[in-house]
Each structure stands twice: as C-alpha cells, then as structure tokens.
Amino acid sequence: MRCGGLSGPNSNVDASGCHRKKTCGRNQPLRKLKVYMYDLPPEFHFRLLGWKGKTNQTCPNVDSHSRIPPYPGGLNLQHSVEYWLTLDLLASNIPKVGAAVRVQNSSQADIVFVPFFSSLSYNRHSKLHGKEKVSVNRMLQSRLLQFLMARDEWKRFGGKDHLIVAHHPNSMLQVRKKLGSAMFVLADFGRYPVEIANLGKDIIAPYKHVVRTIPSGQSAQFDHRPILMHFQGSIYRKDGGAIRQELYYLLKDEKDVHFTFGSYRGDGIKKAGQGMASSKFCLNIAGDTPSSNRLFDAIASQCVPVIISDDIELPFEDVLDYSEFCVFVRASDAVKKGYLLYLLRGIKKDQWTMLWERLKEIAPHFEYRYPSQPGDAVDMVWEAVLRQKSAVQCRHHRKHRYARTEALLKRI
C-alpha cells in the first residue's frame with residue numbers, strides 16, 4: 001500500500017475564506033499548488049515516529065486520528081513542519097478548500113515534495129549508538145541524496161522544483177550544499193550561506209508553538225496583564241544571542257519585568273505559557289540563530305511580541321505586516337540603559353489594544369492543524385510556496401526572453 005489519502009469528510013474545517021480576506025487582504029488563491037510527493041520508504045518519515053505498517057505499506061492510513069502516529073512533544077514539536085505538510089498531502093483525495101492538491105503524475109506538478117522528516121531525524125538520530133559508525137541521521141541523508149540524484153524528476157530541472165523541509169537549523173547538514181538548488185522550508189537563514197538558502201528561492205515557515213493556545217475570548221486585556229514584559233529561556237548564548245545577557249542585567253531587578261532563565265522541561269512549558277498570557281509584551285531576542293519559537297508562543301498567548309533580532313526573517317511577511325501586531329527594536333537601541341523600559345511603558349492602553357486586537361486576528365495563521373483549515377499555518381505555507389514558485393518562474397522567463405527567438409534564428 002502506497003501513501004494513501006483520507007476517506008472521511010473534512011469535518012473540522014471551521015474557518016472561511018472571509019477570514020483570509022480580513023487578515024491578509026487577499027482572496028482565495030487563483031489556483032491550487034499542484035504537488036507530487038515521492039513515495040519514499042517509511043524509514044524517512046513515519047517509522048521515525050515508531051510507526052510500523054503492514055507489508056508494503058509506505059504510510060499510515062489517515063482516515064482516523066487514532067491511526068496517525070503522534071509527533072513527539074516538548075521542543076521536538078517546534079520543528080514539526082514536515083509532519084503537518086506530509087499529513088496534508090496524504091489527505092489529498094477529499095474535497096479541500098486549502099491551497100495545495102496532490103497529483104499522481106510528476107509532469108503535472110508545480111512542486112515535487114520530499115517527505116523526509118529531517119528535523120526529527122536530527123533531533124532523535126544524530127548521535128551514535130552502540131557499535132554504530134555512522135548515525136542514522138547521516139545515513140538517511142546519504143540515502144536521500146542518492147535517491148534524488150537518480151530521479152528523472154530531479155534531473156529535469158536540477159532539483160529547482162523540489163521542496164525539502166529542513167526546519168531545524170542543523171537538519172540536512174551533510175547534504176544541504178548538494179541539494180541547494182531545491183526550495184527549502186526553513187526557520188531562518190542563520191546557519192546557511194546565501195548561495196544555498198535565501199529569500200529568492202526558499203520559504204520561512206513558523207515554528208509550531210509549544211504553549212497552549214489562548215482562545216480569543218479568553219485573552220486577558222491590558223489592565224489584567226500585570227507583567228510589563230516577559231522573557232524566560234536561555235540567557236547565555238553565543239554570537240548574536242549575546243544580547244540576551246546584556247538585557248538580563250539591565251532588566252532583572254525591575255518589579256514589573258519577568259526576565260529569568262528557564263527551560264521547557266518538567267512544567268516549564270506550562271509556566272512559560274502562563275507568564276506570557278499574563279504579560280503585555282513578550283521579548284523575542286536573537287539567540288544562537290535569528291529566530292526562536294518564543295515568537296510563536298507569544299502569538300499563541302496573545303502577548304504582543306517585541307522583536308529584538310536585526311537579521312530575523314519572518315514567515316509570510318509578503319502578505320502580513322508584522323508592525324501591526326509586533327513592536328520592533330534594533331539591538332543597538334535595546335541595550336541602551338532605560339531605552340526598552342521607556343519605550344514599552346510609554347505605549348498607552350489604546351495603542352497596545354490595537355496591537356493586541358490585530359494579534360488575535362492573525363493568530364490562526366500560525367496554527368498547524370490536521371486536517372488543515374483555510375488560512376492556518378499549513379495552508380499559509382502552501383500559499384507561500386505557490387507565490388515563490390510563481391516568482392521563480394517569472395524570473396526564469398524574463399532571463400530567457402530571447403532564447404527561443406535565437407534558437408529559431410539558428411534554424412533559418
């Protein structure tokens with residue numbers, strides 16, 4: 001049995017196209033993204049989750065949630081984009097309102113999807129065990145490279161129409177250079193040279209938040225958020241993340257500021273969610289990479305994000321204006337004594353409420369769901385791929401405007 005589809009109705013769809021209009025200022029996409037998905041062996045995807053199918057069964061049946069192997073929780077979950085996109089394609093035989101449709105013939109596809117759970121492979125299988133000389137993660141990357149290089153689909157355009165999810169910054173580390181012609185789905189460009197990953201061909205996708213989503217109607221208003229600003233996480237980081245340490249010493253003694261070291265172990269996720277939901281502003285500060293899951297935890301908590309990361313790239317920024325629901329502060333300004341406190345304490349209730357109301361509107365765009373819903377994170381990623389694919393194709397056509405005419409002249 002090959003990777004199959006969902007046989008039941010998409011009963012969980014409760015959003016509508018009007019929500020997309022309201023939040024993004026655009027209608028439904030003019031056409032769906034046509035996606036061909038490789039039928040890779042389960043070692044590359046669901047077997048990494050412990051799934052064991054029947055003989056010749058490549059993927060699990062997805063007609064029931066009880067049959068779908070869950071993705072590991074905790075911090076593993078934040079890079080699970082690969083999982084949600086794959087599930088969405090497996091549900092391709094049902095009527096869908098979403099932006100992508102799976103096709104069975106690669107010649108009809110806009111994009112060829114590679115269903116490799118690369119982030120999970122890195123998180124769970126990058127270390128050597130027992131008598132292993134090569135890690136499972138490295139072995140899978142090597143096998144994937146061999147598979148792709150042998151495919152006619154790859155050879156056709158040199159991989160430029162392939163979509164590879166490498167959301168964890170250390171995923172696909174051994175082969176990313178050789179696969180750099182493909183379109184990557186990434187968290188940011190922090191650990192990629194510009195010739196391998198860039199905004200010209202790749203997609204920035206949101207992290208899967210790990211704190212509980214606060215329903216819009218239960219989100220605390222300005223006067224019921226006693227904490228001015230919140231940060232809980234690793235304070236001592238390298239490179240661009242050194243700013244966290246500077247801010248810690250500037251803010252740690254302020255009574256209305258929660259700035260402490262914290263982890264997601266134990267009840268850390270629950271405490272972080274409670275703290276964010278009780279705060280007016282949540283700091284998203286550059287760490288070892290320009291981005292972190294903290295931004296999307298803040299959005300789920302409807303705590304107005306304060307982004308202090310000069311090199312950050314944000315998901316869907318071509319259709320979302322983050323300045324409508326975030327506060328941006330340059331790193332050089334943030335470390336000035338008193339600057340951040342003066343700025344945030346100076347934002348009045350009505351100004352904060354405008355940011356908060358917009359934050360509640362856009363929050364559904366950052367929710368990964370199965371089945372996917374119009375305007376959720378899965379749908380938004382597919383739409384971003386479609387827009388990127390169209391832009392790449394446009395550049396290709398412009399570059400080769402005269403090629404066909406010149407070819408004709410040679411025949412005259």
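## A first look at this predicted model

Met172 lies in the loop between β4 and β5 (183-186). Residues are numbered from 1 along each chain as its sequence is written, and side-chain values use heavy atoms, leaving out hydrogens and water.

Let's stay with Met172 for a moment. Its phi is near 60 degrees, a positive value in a residue other than glycine. Met172 is buried because its relative accessible area is 1%; buried means under 20%, exposed over 50% and partly exposed in between, for a 1.4 Å probe and protein chains only. Asn56 also has a positive phi, of about 70 degrees, although it is not a glycine. You will find Asn56 in the loop between β1 and α2, and with 63% relative accessibility it counts as exposed.

Tyr370 and Pro371 are joined by a cis peptide bond, with omega at about -5 degrees.

Now for the rings. The whole structure holds 20 aromatic pairs, where rings of Phe, Tyr and Trp (its six-membered ring) pair if their centres lie within 6.5 Å, and planes under 30 degrees apart are stacked, over 60 edge-to-face and the rest tilted. Here are two of these pairs:

| Pair | Centre to centre | Angle between planes | Kind |
|---|---|---|---|
| Phe44 and Phe116 | 5.8 Å | 80 degrees | edge-to-face |
| Phe222 and Trp352 | 5.5 Å | 65 degrees | edge-to-face |

Phe222 sits in the loop between β6 (203-204) and β7 (227-233) and Trp352 in helix α11 (residues 349-362), so their pair ties together parts 130 residues apart in sequence. Both Phe222 and Trp352 are buried. Phe44, in the loop between β1 (33-37) and α2 (81-90), and Phe116, in the loop between β3 (111-114) and α3 (118-125), are 72 residues apart. Phe44 and Phe116 are buried too. Elsewhere, one aromatic cluster is made of Phe46, Trp51, Tyr71, Tyr83, Trp84 and Phe117.

Some rings have a charge over them, meaning that NZ of Lys or CZ of Arg is within 6 Å of the ring centre and within 35 degrees of the ring normal. The charged end of Arg176 is 3.9 Å from the centre of the Tyr192 ring, and Lys360 lies over the face of Trp356 at 3.7 Å from the ring centre.

Finally, look for the second largest pocket, with a volume of about 680 Å³. A pocket is an open set of points on a 1 Å grid where a 1.4 Å probe fits, with protein on both sides within 12 Å along at least five of seven lines; lining residues have an atom within 4 Å of a point. The volume is the space filled by probe spheres set on the points. Of the 22 lining residues, Lys160, Lys389, Val392, Gln393 and His396 are the closest to the centre of this second largest pocket. Its lining divides into 5 nonpolar, 8 polar and 9 charged residues, and α12 gives the most, with 7 residues.

Note on methods. Helix = DSSP H or I, 4+ residues; strand = E, 2+ residues; numbered from the N terminus. Nonpolar A, V, L, I, M, F, W, Y, C, P; charged D, E, K, R; others polar.
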